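Please read the following note with the sequence and the model open side by side.

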Amino acid sequence: MFTTFDKYLLNRLFHTFVVFLIATYGLYIVIDLFTNMDDFQKAGEASSEHASAGGAVSVFSAIVKYYGVRIAEFFEMAGPILIVVSAIAVLGLLEKNSESHPVLAAGIPAFRLLRPFLIGAGILNVFLILNQEFVLPNIVAELQTPRGGVAAASQKVEPVYDYPNYMMHIDGKEIIIQERKLVDASFALPNELSQRAYALKCEAAIFMPQTQQQSAGWLLKNLTGPFHEEMLTDVGRERIVASSNGRDVFIVSDVSFDQLYNRVRNVKLLSSLQLIDRIRNPSTGLKPVVRQSVALHTRITRPLLSLLAVAMALPLVMRRESQSLIWNMTICATVIGGFYVLSQASYMLGGNELLRPDLAAWLPVIVTGGATVWTSGYVQT
C-alpha cells in the first residue's frame, strides 16, 4: 500500500533531484561560458551583419542553442550521481526535522521508508535509459557542434584497419561529421585485394549505409592517384567497384564514418542496439570491442548500482548510534563515494583488458550489494 507519507517522500525526492540538476547544470554553464565566451562572440560577429544589438541577439541565440542541447548529455553524465545525492539529502532532512521518529515510534521498521526512495530512483533511472536510448543517438551531430557553430565541426581522423577487408588501412585528413565525409582519404589495399599493394587516394570519401540495393561502404570521389582495375584480385573485384565516370570507386566496408574519430566518446552517444551492432562488427577491432562490451554491461548494472547506493544510504544516515547528523551524512558520502571510485577503477581495468568486460561491470554490483547487507545493521529501530 502506497501511503500519503510515501507520496510525500517521493515528491520530495523528485523535487530535490530537479533542484540539484538545475543548480549543477547552471554552475556548469556559468563556468564553461566564462572560459569560452570568446567563441560565442566570434561566431555571433561572423553570423551577424547588423549593428551591435543584432550581434548580441546572435550570441544569445547561439548560447541558448548550444547549452539547450547539451542538457541531455549532462543528464546522462550526472544523473546517476544526483539520484543518490538527492536521496541522501532527503534522508538528512527527514532526520533533521524528526519526521522519521513518529514512524519508528509506531513500530514501523525504518527500512519501510526505502519503498518510495527505491521507486523514485527506479523512475529516474527509466528517464536515464530513455535519454540514452532515444535522445542522445538522435542529437549526435548537435552535440558535436562547436560553440557558436551551426553545424558539427570536422574531427581529427583516428586511422583504423578494416578486418573483413584483409586489414585494409583507412586514413584521411579529417572527418566532416555533418556530411559523413572523409577528406583526403587513403585506402591502402592489401595483397589479398590487389596484386600489388598500394593506396587508393581521393579528394573525399563518403560513407554509404547499407540498403536493400547495396552493401555498406565508402564512395571514393575524384581519385587523385592511379587505379588499375586489372590489378585487382578476384576478391578485390567483388569488394571494389569502379564507377563508369572513371573518377569514382565504391569499396564495400563495414567501417562506418563514426568509427574514424573520437571512438571513446562516441560510445556514450550510441543506443544499446547500435552498440551491439558495433560489437558484432568484425571491423571494430579487438581493443575497441572490449571497451564497448564494458560500456554495454555498465548500462545494465548502472540502475542496480543506483538502487543499492540508495539502500545503503538509509542505515548510514539514520544510524542507531551516532555523534551527529552531519557526521552521519559525511560517513555516508565517503562510503558511497569510495564505492563509486571502485566502480570507475573496475571499468578502467576492464577497458584495458585487465579484467573480463562482464566481470569489470558486475564486480562493483557484487561488492556494493554485499556492503549494503553489511551496513543494514546500523539502522535506527
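1. Thr233 is located in the loop that runs between β7 (217-223) and α6; helices (H or I, at least four residues) and strands (E, at least two) are DSSP runs, numbered from the N terminus. The model is a predicted one, in which local features need pLDDT of at least 70 and side-chain atom pairs count only at pLDDT 80 or more, while totals for chains, interfaces and linings use all residues. Residues are numbered from 1 along each chain as its sequence is written, and side-chain values use heavy atoms, with hydrogens and water left out.

2. Thr233 has a relative accessible area of 17% and is therefore buried (under 20% relative accessible area is buried, over 50% exposed, and in between partly exposed, with a 1.4 Å probe and protein chains only). Apart from neighbours within four places in sequence, Thr233 is in contact (heavy atoms within 4.5 Å) with Asn191, Glu192, Leu193, Ser194 and Gln195.

3. Arg239 belongs to helix α6 (residues 234-239). Its relative accessibility is 24%, so Arg239 counts as partly exposed. With residues up to four places away in sequence not counted, Arg239 touches Pro164, Asn165, Leu193, Phe250, Ile251 and Val252. Of these, Phe250 is eleven residues from Arg239 along the chain, and their C-alpha atoms are separated by 8.0 Å.

4. Where does Phe17 lie? Phe17 is part of helix α1 (residues 4-47), and it counts as buried because its relative accessibility is 4%. Residues up to four places away in sequence aside, Phe17 touches Phe75, Gly79, Leu82, Ile83, Ser86 and Leu124. Phe17 and Pro303 are 286 residues apart in sequence, and their C-alpha atoms are 16 Å apart in space.

5. Phe17 is also among the residues with the most contacts inside the largest nonpolar core, together with Phe40, Ile88, Leu91, Phe117, Cys332 and Ile336. This core has 45 residues; a nonpolar core is a set of buried Ala, Val, Leu, Ile, Met, Phe, Trp, Tyr and Cys residues joined through side-chain atoms within 4.5 Å. Two or more residues each come from α1, α2 (52-96), α3 (101-105), α4 (114-135), α9 (286-317) and α10 (325-351). The largest share, 16 residues, is given by α2. A second, separate core of 28 residues includes Met168, Ile170, Phe207 and Leu260.

6. Helix α10 has 27 residues and reaches 39 Å from its first C-alpha to its last, close to the 39 Å expected at 1.5 Å a residue (the expected span is 1.5 Å times one less than the number of residues). Among the buried residues of α10 are Asn328, Cys332, Ile336, Phe339 and Ser343. Just after α10, Glu353 takes a positive phi of about 65°.

7. The structure holds 13 aromatic pairs (rings of Phe, Tyr and Trp, the last by its six-membered ring, with centres within 6.5 Å; planes under 30 degrees apart are stacked, over 60 edge-to-face, and the rest tilted). Trp374 and Tyr378 form an edge-to-face pair because their ring centres are 5.8 Å apart and their planes lie at 80°. Trp374 counts as exposed, at 61% relative accessibility, and Tyr378 as partly exposed, at 31%.

8. Tyr25, Tyr28, Phe40, Tyr66, Tyr67 and Phe74 form one aromatic cluster. The charged end of Arg70 sits over the ring of Tyr66, 3.7 Å from the ring centre; the criterion is NZ of Lys or CZ of Arg within 6 Å of the ring centre and within 35 degrees of the ring normal.
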